[in-house]
Amino acid sequence: MTAALSVTGLRFAYGKGGFALRDVDFTVAPGRFTALLGANGAGKSTLMGLLTRLFTPDQGDIQICGHDLRRNPRAGLGAMGVVFQQPTLDLDLTVRQNLTYAAGLRGLGGRETASRIAVLLERFALSARAGDKVRLLNGGHRRRVELARALLHRPPLLILDEPTVGLDAPSRRDLVAHVHRLCVEEGVSVLWATHLFDEVAPGDDVVLLHRGAVQARGPAADLLAASGTDNLAGAFQVLTAEGATA
Amino acid sequence: MMAYLRALRAIIWREMLRFLHQRERFVSALVRPLVWLFIFAAGFRAALGISVQPPYDTYITYETYVLPGLAAMVLLFNGMQSSLSMVYDREMGSMRLLLTSPLPREFLLLAKLLAGAVVGLAQVAAFLAIAALAGLTAPAPGYLTVIPALLLAGLMLGSVGMLLSSTIRQLENFAGVMNFVIFPAFFLSSALYPLWKMREGSEWLYQLARCNPFTHAVELIRFALYGRLELTAAAWVAGATLVFLLLSFWAYNPARGLMPRHTKSQ
């Protein structure tokens with residue numbers, strides 16, 4: 001079965017500095033929640049910039065649902081929904097206007113836009129706030145709007161870059177649960193970048209990024225076993241220690 | 001093809017919504033040329049005599065002369081304002097949403113420029129309506145024939161703005177750049193006085209003004225407002241639009257402001 005996301009031999013450097021990413025290889029299997037785990041400065045946001053084609057890799061390939069992002073960016077970008085780390089909603093537009101704008105950028109027609117917005121507002125319990133300006137929403141609701149926006153065109157792959165930054169604990173739990181449900185109920189494949197271990201469930205896949213390189217990857221349970229620990233924080237310590245590989 | 005049209009419509013719709021929400025921007029866009037029209041022009045009228053010159057068939061008042069120039073001034077400020085909003089969008093992150101749309105980046109940037117030109121057109125329409133209420137009118141068909149000229153001029157000025165925005169790393173640097181562009185472009189043009197008048201004062205300023213694309217935008221609008229196509233001006237504006245567009249596509253780096261340092265890849 002074709003991977004939802006396949007990254008091979010990815011390299012990227014800023015200017016003449018050292019590599020921000022070195023020979024990054026990993027896949028996101030269809031319908032799986034994959035956590036891209038790494039400390040601040042590990043290269044997660046750089047990787048996200050490459051996956052969303054904001055930057056071009058110096059070397060390596062990115063395949064999204066079988067589409068090469070370099071050769072066929074339209075199909076590749078069309079198959080993914082993105083939630084950026086930095087909020088990207090227009091604060092002066094309403095929730096519905098933000099969603100309508102995003103649907104237009106994805107080429108959705110009027111009827112499809114209206115029906116998708118209705119479904120997603122319902123799903124994320126935002127129907128009552130559809131006419132409110134985003135400026136009036138709290139952080140948790142804004143993130144839900146961004147998640148709804150990323151799902152408007154029914155992408156098979158959802159990419160989220162530290163989406164819980166700035167959220168309080170209940171909103172964080174709520175968002176993590178929402179996205180896990182998307183995998184189970186709708187078969188959406190998810191790449192979730194984070195530095196917070198408690199956002200990863202035992203059944204998730206993990207890609208452990210450290211200093212621009214993949215240090216370990218596989219099901220969370222396998223990483224725990226490989227590191228000989230019973231929690232991800234401990235596994236992270238062991239697997240990112242000098243010279244460790246898994 | 002439908003996807004392109006829908007995206008274009010969405011981008012124009014959003015720019016119009018944002019413009020309508022920013023009432024202060026609308027008011028200041030109107031107040032500026034109206035001050036020129038009703039206050040400065042009243043004083044300049046006595047100082048500047050305008051001879052009969054195309055597209056006018058007879059002697060005209062100074063207010064009538066500056067009307068197209070002030071319409072172009074609205075577009076000039078709007079073009080810079082649009083590019084300011086591009087810098088803002090880039091800093092605030094909403095540019096990422098646009099650039100991760102599955103359509104070619106050049107199309108998305110062009111759509112953004114078109115949206116800015118449409119907003120400029122709405123501002124000029126409001127300005128011309130107020131001028132008409134004050135008795136400053138153009139021939140009725142001119143209000144239709146001027147639309148393509150306004151759109152083309154708006155596109156040219158927007159692409160200049162986008163080129164500028166591509167060279168600016170931070171929002172705070174933008175005001176200074178605007179002063180170095182807007183005022184020279186405006187005063188070194190035929191917006192406020194005919195070029196022959198400028199030539200009486202300085203030959204080299206006249207030559208500079210002749211090479212100023214904004215001069216040709218003003219003349220294109222002036223002739224179009226009287227139902228006439230000034231081919232030289234049209235060619236200048238179309239050519240300048242193409243050059244500035246290509247330069248801004250080449251120079252536009254979506255990564256700027258998103259990344260800690262300048263990236264080498266595009």
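This is a predicted model: local features need pLDDT of at least 70, side-chain atom pairs count only at pLDDT 80 or more; totals for chains, interfaces and linings use all residues.
**Entry 1**

I then counted 2 salt bridges between chain B and chain A. I also listed residue pairs in polar contact and got 10, with both residues at pLDDT 80 or more.

**Entry 2: the side of chain B that touches chain A**

I asked which helices of chain B each supply at least two residues of this side. They are H1 (2-21), H3 (62-92) and H4 (94-99). H1(B) gives the largest share, 11 residues. I sorted the residues of this side by type: 18 are nonpolar, 9 polar and 8 charged.

**Entry 3: the contact as a whole**

I found 35 residues from chain B and 31 residues from chain A in the contact. Together the chains bury about 3200 Å² between them. Carbon and sulfur atoms carry 62% of that area. I checked which three residues of chain B supply more of its buried area than any other three. They are B:Leu97, B:Thr100 and B:Pro102, with 20%.

**Entry 4: helix H6 of chain A**

I turned to H6 of chain A, residues 169-186. This helix has 18 residues and spans 25 Å from first C-alpha to last, close to the expected 26 Å. I looked for buried residues in H6(A) and found several, including A:Leu175, A:Val179 and A:Cys183. What covers the buried residues of H6(A)? I noted strands S3, S7 and S8 and helices H4 and H5 of chain A among the covering elements. A:Gly187 follows H6(A), and its phi is positive, near 70°.

How values were computed. Residues are numbered from 1 along each chain as its sequence is written. Chains are lettered from A and ligands numbered from 1 in the order in which they are written. Side-chain values use heavy atoms; hydrogens and water are left out. Contact means heavy atoms within 4.5 Å. Buried area is the accessible area (1.4 Å probe) that two parts lose on being put together, summed over both. A salt bridge is a side-chain nitrogen of Lys or Arg within 4 Å of a carboxyl oxygen of Asp or Glu. A polar contact is a pair of N or O atoms within 3.5 Å; within protein, one must be able to donate a hydrogen and the other to accept it, and residues adjacent in sequence count only if both atoms are side-chain atoms. Helices (H or I, at least four residues) and strands (E, at least two) are DSSP runs, numbered from the N terminus. Ala, Val, Leu, Ile, Met, Phe, Trp, Tyr, Cys and Pro count as nonpolar, Asp, Glu, Lys and Arg as charged, and the others, Gly among them, as polar. The expected span of a helix is 1.5 Å times one less than its number of residues. Buried means under 20% relative accessible area, exposed over 50%, partly exposed in between (1.4 Å probe, protein chains only).
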